[in-house]
Amino acid sequence: MDDLEFTEDEIQRYARHITLPQVGGLGQRKLMNAKVLVIGAGGLGSPLLLYLAAAGVGNIGIIDDDKVELSNLQRQIIHKTNKIGSHKTDSAKETILSINPNINIMTYKERFSIFNAENIISQYDIVADGSDNFGTRFLANDTCFLTKKTLVSAAILRFEGQISTYSANKDLNCCYRCLWPKPPPKGLIASCSEAGVFGALAGAIGSIQAIEVLKEILGIGKSLNNFLLIFDTLSSEMRKVKIKKDNNCQLCGSKPTITSIKKHKDYS
């Protein structure tokens, strides 16, 4: 695509992308036309949203029903002290537009649930899950599979972060349930509020999540499909673990038992 199809402002803003042979004008146009839903405007969502916006992803949805609290600011860098008490979606939108006013932001001040998941996700190309609970992660995975959307899922706790991509409808790719068939019993794994989380870790994993989303949009590099990337900050080690598709998976296996999110109970 001819770079002259961009405005002068766009050429200057995205010059470092357009210069890259793997991106160029065609790739930048793909980013500008893309539709990405981000679940959670918290620790992972903060750097993720900032970099998606800076990259020029043209249509970004944000779903989160929380308000900004003082305890968030240790890691949720998209929010400022003067936004305490504001809806996270409003706070995030204001910060995003201050970075790039030329993109469209849709906000959903509601909890991601079986009642809205399919309707919202169906409007987007890619879903990036930065939630902090297993119920939401399983719901995002199942809905993305059933609606044939790509999911880039990440999680952090204490000093460790994990990230993977799931395009389970394509070829022999696995889904989140191939790795975790069911949510762990309540209370078995502590939450971030209970166990703590290293603030800068959210920045590292959220940034990697943004990279993987951008790669999926552009169709470049090697996808994290069928791999789990694990980063341990204390040991400064990063491992890439192969994940195999489970033919007995109740969602993406040969004889699935999960055919609708409204008939399952793993999301509470």
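This is a predicted model: local features need pLDDT of at least 70, side-chain atom pairs count only at pLDDT 80 or more; totals for chains, interfaces and linings use all residues.

Reader: Thanks! How many residues are in the largest nonpolar core?
Author: There are 41, and L49, L52, I60 and V213 have the most contacts inside this core. A nonpolar core here is a set of buried Ala, Val, Leu, Ile, Met, Phe, Trp, Tyr and Cys residues joined through side-chain atoms within 4.5 Å. Buried means under 20% relative accessible area, exposed over 50%, and partly exposed in between, using a 1.4 Å probe and protein chains only.

Reader: Which helix or strand gives the most to this core?
Author: That's α10, with nine residues. Other elements supplying at least two residues each include β1 (35-39), α4 (45-55) and β2 (59-63). Helices (H or I, at least four residues) and strands (E, at least two) are DSSP runs, numbered from the N terminus.

Reader: And what does L52 touch?
Author: L52 touches V36, V38, V57, I60, A210, V213 and L214, leaving aside residues up to four places away in sequence. Contact means heavy atoms within 4.5 Å. Another core, of 32 residues, lies apart from the largest one and has I39, Y108, V127 and A168 among its members.

Reader: Switching topic: where is F198?
Author: F198 is in the loop between α9 (192-195) and α10. At 42% relative accessibility, F198 counts as partly exposed.

Reader: Okay, what about helix α3, mostly covered or mostly open?
Author: Mostly covered: seven of the 10 residues in α3 (residues 24-33) are buried. Among them are G24, Q28, R29 and L31. The cover over the buried residues of α3 includes α1 (8-13), α2 (15-18), α4, β2 and α10.

Reader: Is K215 buried or exposed?
Author: K215 is buried, because its relative accessible area is 18%. This lysine sits in helix α10 and touches I220, G221 and K222, not counting residues up to four places away in sequence.

Reader: Last one: which residues does Y51 touch?
Author: Y51, in helix α4, touches S207 and A210, again not counting residues up to four places away in sequence. Y51 and R177 are 126 residues apart in sequence and 28 Å apart in space, C-alpha to C-alpha.

How values were computed:
Residues are numbered from 1 along each chain as its sequence is written. Side-chain values use heavy atoms; hydrogens and water are left out.
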